[in-house]
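Subject: Structure for you to look at

Hello,

Here is the structure that I said I would pass on. Please open it next to this message and follow along; my notes come after it.

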Amino acid sequence: SILDSGKHNLTVTLHSNNYKDSTYTDSTLSNINVDKRNTTVSFTPINSTIGNTTVQVTVTDTNGTAIINGTVNVYSDEERTNLIGTGLTDENGIATVNVTTTKDTNTIYVEYSGNITYAGNITKQSLTLTKRETNVNASLVNSTAGDVTVRVNATDKTTGMPLTEGTIVIKDENDNPTEPDIIDSIADVWE
């Protein structure tokens with residue numbers, strides 16, 4: 001069986017106990033082009049939380065045979081310049097890929113790069129992520145007029161790590177917002 005795509009030369013030989021061996025070759029068997037087998041790429045989100053996103057990618061040939069040890073790349077752009085995850089398929093043609101994205105709605109492009117036997121393929125799909133849960137705590141540090149200080153601590157509810165982005169708004173009883181100075185997810189507000 002020829003598994004490699006590309007140019008091949010074939011020779012037909014007959015071996016028999018009762019007949020003289022015979023060999024056949026001609027131009028139709030010389031320099032024949034063997035095409036790569038077509039593939040199918042699909043993916044399913046396993047965890048669709050911002051900052052903790054995992055997709056399961058399945059790569060098969062058109063007969064449903066698993067593609068083993070195939071490299072799959074996940075991109076956030078159609079030009080495939082912004083790589084956000086990569087993986088290798090297992091014996092079932094499945095790769096579990098951690099995806100790095102911070103948007104809640106994404107179109108992602110999953111590409112199987114192909115090899116000498118199988119053609120590469122790409123699929124795109126919308127991926128909607130849920131925002132991560134947070135913990136926000138506030139405490140009064142100073143209550144002196146003109147120098148009221150409130151300390152706000154915002155963390156990721158799952159990991160306990162300080163948030164690295166976002167805006168903290170503190171409002172007074174008249175619904176007037178105050179923009180705090182933020183240092184390491186701790187906001188000190190002076191009024």
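A strand here is a DSSP run of E with at least two residues, numbered from the N terminus, and two strands pair if DSSP finds at least two bridges between them. In general, strands of a sheet pair through backbone hydrogen bonds, either parallel or antiparallel. S5 and strand S6 (residues 52-61) are joined in the antiparallel sense over 10 bridges, with Thr-49 opposite Asn-52 in S6.

Before you go further, note that this is a predicted model, in which local features need pLDDT of at least 70, side-chain atom pairs count only at pLDDT 80 or more, and totals for chains, interfaces and linings use all residues. Residues are numbered from 1 along each chain as its sequence is written, and side-chain values use heavy atoms, with hydrogens and water left out.

Next, the sheet of 4 strands. This open sheet has the order S8-S7-S10-S11 and antiparallel pairing. Strand S8 (83-88) and strand S11 (121-128) each have a single partner strand, so one side of each is left without a neighbour in the sheet. Neighbouring strands here are turned by 20° against each other on average, direction ignored.

Going through the pairs, strand S7 (residues 71-75) runs antiparallel to S8 and is joined to S8 by 5 bridges. S7 and S10 pair over 4 bridges, in the antiparallel sense. S10 and S11 also run antiparallel, joined by 8 bridges, and Tyr-109 faces Lys-124 in S11. Of the 8 residues in strand S10 (residues 105-112), 6 are buried (buried means under 20% relative accessible area, exposed over 50%, partly exposed in between, with a 1.4 Å probe and protein chains only).

There is also a hairpin. Strand S12 (residues 134-144) and strand S13 (residues 147-156) pair in the antiparallel sense over 10 bridges, and Val-136 stands opposite Ala-154 in S13. The hairpin has 2 residues between the strands, and Gly-146 takes a positive phi near 85°.

Two loop residues remain. Thr-89 lies in the loop between S8 and strand S9 (94-99). Is Thr-89 buried or exposed? Thr-89 has a relative accessible area of 2%, so Thr-89 counts as buried. The side chain of Thr-89 reaches the backbone oxygen of Ile-67 at 2.7 Å and the backbone nitrogen of Gly-70 at 2.7 Å. Not counting residues up to four places away in sequence, Thr-89 touches several residues, among them Val-59, Val-72 and Ile-94 (contact means heavy atoms within 4.5 Å).

Ser-30 is in the loop between strand S3 (22-24) and strand S4 (32-34). At 33% relative accessibility, Ser-30 is partly exposed. Ser-30 and Leu-10 are 20 residues apart in sequence and 6.1 Å apart in space, C-alpha to C-alpha. Neighbours within four places in sequence aside, Ser-30 is in contact with His-8, Asn-9 and Thr-25.

Regards

How values were computed:
Axes are lines fitted to C-alpha atoms, for helices over the stretch in contact, and angles run from 0 to 180 degrees between N-to-C directions. A polar contact is a pair of N or O atoms within 3.5 Å; within protein, one must be able to donate a hydrogen and the other to accept it, and residues adjacent in sequence count only if both atoms are side-chain atoms.
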